Amino acid sequence: INLRGCTSLTTRSLHQMLTCSPYLRKLIVKGLNAVTNTTCEILAEHCPGLASLDMSRCSNLDGRGIGRMADATLSRRGYLELKELRLSGLRHTDNTVLASLGEATPYLEVLDLSYARDLHNSGIDAFVSIDDGRSEDELTLHPTIIVNDRDLCRESDGRQFKRRITRL
């Protein structure tokens, strides 16, 4: 579904359509005011096979919505099927959001965070970090690598870190 430029679309009608679209594979809603943080929760619950999502430049969406989408999926012990996620201009892109997103999207190949002004180096580190409290069974979709602090351009004290290998 490509709804780009459909500026008269309301949030309610968008959400109603999404709840009735369990087989949706690709959604483009770039720049729509109708897209909100709640839209992300609806996508996580009702569109489990979504592989491509473009929510760039949606003024009523921020990182909290993306974080809730990832957290909702992880709480069901699942993963988002997304291979392409475009979030250009996303506000409130913090480390917690990116850590959840990295964990929830093992199949992700394209991630567009251009113009996300709140994005810092620590956010990218959070995206590939592994939660040490997770069991090996829970990490099967996330191949990992061990890197040392010098590999991460940090002060060298001999520590090692486990990082997720992405498909990006």
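## A guided tour, starting from the largest cavity

The largest cavity has a volume of about 50 Å³. The model you have open is predicted: local features need pLDDT of at least 70, side-chain atom pairs count only at pLDDT 80 or more, and totals for chains, interfaces and linings use all residues. Residues are numbered from 1 along each chain as its sequence is written, and side-chain values use heavy atoms, with hydrogens and water left out.

**Stop 1: the cavity.** Select Gly102, Thr105, Pro106, Leu108, Phe127, Arg164, Thr166, Arg167 and Leu168, which line the largest cavity. On a 1 Å grid over the protein atoms alone, a cavity is a set of points where a 1.4 Å probe fits but cannot get out, and lining residues have an atom within 4 Å of a point. Grid points are joined across faces, edges and corners, and the volume is the space filled by probe spheres set on the points. By class, this lining has 4 nonpolar, 3 polar and 2 charged residues. Here Ala, Val, Leu, Ile, Met, Phe, Trp, Tyr, Cys and Pro count as nonpolar, Asp, Glu, Lys and Arg as charged, and the others, Gly among them, as polar. Searching the whole structure gives 2 cavities of 30 Å³ or more.

**Stop 2: Thr105.** Keep Thr105 selected: this lining residue sits in the loop between helix 4 and strand 4. Helices (H or I, at least four residues) and strands (E, at least two) are DSSP runs, numbered from the N terminus. Is Thr105 buried or exposed? Its relative accessible area is 4%, so Thr105 is buried; the cut-offs are under 20% for buried, over 50% for exposed and partly exposed in between, with a 1.4 Å probe and protein chains only. Leaving aside neighbours within four places in sequence, Thr105 is in contact with Leu80 and Phe127, where contact means heavy atoms within 4.5 Å.

**Stop 3: helix 4.** Now select residues 95–104. To see them, pick Val97, Leu98, Ser100, Leu101, Gly102, Glu103 and Ala104. Their cover includes helix 3 (63–75), strand 3 (84–86), strand 4 (110–112), helix 5 (121–128) and strand 6 (160–164).

**Stop 4: helices 1 and 2.** Show residues 11–19 and 37–46 together. The axes of these two helices come within 9 Å and cross at roughly 10°. Axes are lines fitted to C-alpha atoms over the stretch in contact, and angles run from 0 to 180 degrees between N-to-C directions. Helix 1 and helix 2 are therefore roughly parallel, a label for angles under 35 degrees. Helix 1 brings Leu14, His15, Leu18 and Thr19 to the contact, and helix 2 brings Thr38, Thr39, Ile42, Leu43 and His46. By class, that makes 4 nonpolar, 5 polar and no charged residues.

Stay on helix 2 and select its buried residues, Asn37, Thr39, Cys40, Ile42, Leu43 and Ala44. They pack against helix 1, strand 1 (26–28), strand 2 (52–54) and helix 3. Zoom in on Asn37, with a relative accessible area of 13%. Not counting residues up to four places away in sequence, what does Asn37 touch? The partners are Asn60, Leu61, Asp62, Arg64, Gly65 and Arg68.

**Stop 5: two positive phi values.** Finish in the loops. Arg77, between helix 3 and strand 3, has phi near 60°, a positive value in a residue other than glycine. At 66% relative accessibility, Arg77 counts as exposed. Then go to Tyr115, in the loop between strand 4 and helix 5. Phi of Tyr115 is near 65°, again positive in a non-glycine residue, and at 57% relative accessibility Tyr115 counts as exposed.

Technical notes. Parallel < 35°, antiparallel > 145°, perpendicular 65-115°, else oblique. 1 Å grid on protein atoms, 1.4 Å probe; cavity = no way out; pocket = protein on both sides within 12 Å on 5 of 7 lines; lining within 4 Å.
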